[in-house]
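Dear colleague,

I am handing over a structure that is new to you, and my notes on it follow below. Please read them with the model open beside you.

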Amino acid sequence: SAAMKSLWAVYAAVLVGLTVRYRVVRPLVRWRRPWEVVENVPERGEAQTLVLRPVGHRGFAFEPGQFAWLLTGVTPFGWEQHPVSISSSAETPAGGPVSFTVKALGDWSRERVPALAPGRRLWLDGPYGVFSIDRQQGPGYVMIGGGVGITPLYSMCLTMADREDGRPVTLFYGSRRWEDVTFREGWESLSRRMNLKIVHVLEEAPAGWTGETGFITAAILQKQLPKGFRRFPFFVCGPPPLMDAMEDVLPGLGVDEDRIHTE
């Protein structure tokens, strides 16, 4: 019928419009806003931190905990793009460098990312995400992370330190070994700059280790959580087993689900 033909014509026009927008217009806009690799730093825990600076523009403002899509092809028209959390402070001045930390989990992150040398141009699409302390105010924060999930939490704490925010933060950080603790030296520095308590939980503890071992459990949380923790926003980011466990553990400790934020 004529009505159906008109409807299909509208659908086709919308599809063409969206394709042109995402495959032509947006890449053209990004092409005029390149970024350049300043440093590519190996981190503990099989990760790399890319320090990028905007070239010919002022970059972007972001909230601590957000992420952006990295486009590492020869041009921004390629299909290859990857979501990566920002690991630097949101208090970085406009036009300043922004850091992204990538864990080696696949071919791109294990082979392509370490090969991105200083001077290499790439493109960003972002920032995105609502996983941020700027959107959840409270008297303090509890953060639970593991693996590369620690990256947005690191950005949040760096930002709090730069803001001289005195609210208490308790961080539970699950790692396989002490040598795998990403940003280990950075966390030690942060603990001197802000009201930060770090509870490391190691699956394979070294000889003489007196801290927590195994996995982050209800018993460890109960032992280490601050007084009044039920009034704090909780930020949880890590591998699926950690996320799944916390979905049960935190409500079981009396934490309201509205206070639990995950990514």
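By the rule used here, in which a salt bridge is a side-chain nitrogen of Lys or Arg within 4 Å of a carboxyl oxygen of Asp or Glu, the count comes to 14 salt bridges. This is a predicted model, in which local features need pLDDT of at least 70 and side-chain atom pairs count only at pLDDT 80 or more, while totals for chains, interfaces and linings use all residues. Residues are numbered from 1 along each chain as its sequence is written, and side-chain values use heavy atoms, with hydrogens and water left out.

One of the salt bridges joins Glu63 to Arg135, with the closest N and O atoms 2.7 Å apart. This pair links distant parts of the chain, 72 residues apart, since Glu63 lies in the loop between β2 and β3 (67-71) and Arg135 in the loop between β6 (121-128) and β7 (141-146); helices (H or I, at least four residues) and strands (E, at least two) are DSSP runs, numbered from the N terminus. Glu36, Arg53 and Arg121 are linked in a network of salt bridges.

Turning to the sheet, six strands form an open, antiparallel arrangement in the order β4-β3-β6-β1-β2-β5, where two strands pair if DSSP finds at least two bridges between them. Because β4 (82-85) and β5 (98-103) stand at the edges with a single partner strand each, one side of each is left without a neighbour in the sheet.

Finally, 12 of the 13 residues of helix α3 are buried (under 20% relative accessible area, with exposed over 50% and partly exposed in between, for a 1.4 Å probe and protein chains only), so α3 is largely enclosed by the rest of the structure.

With best wishes
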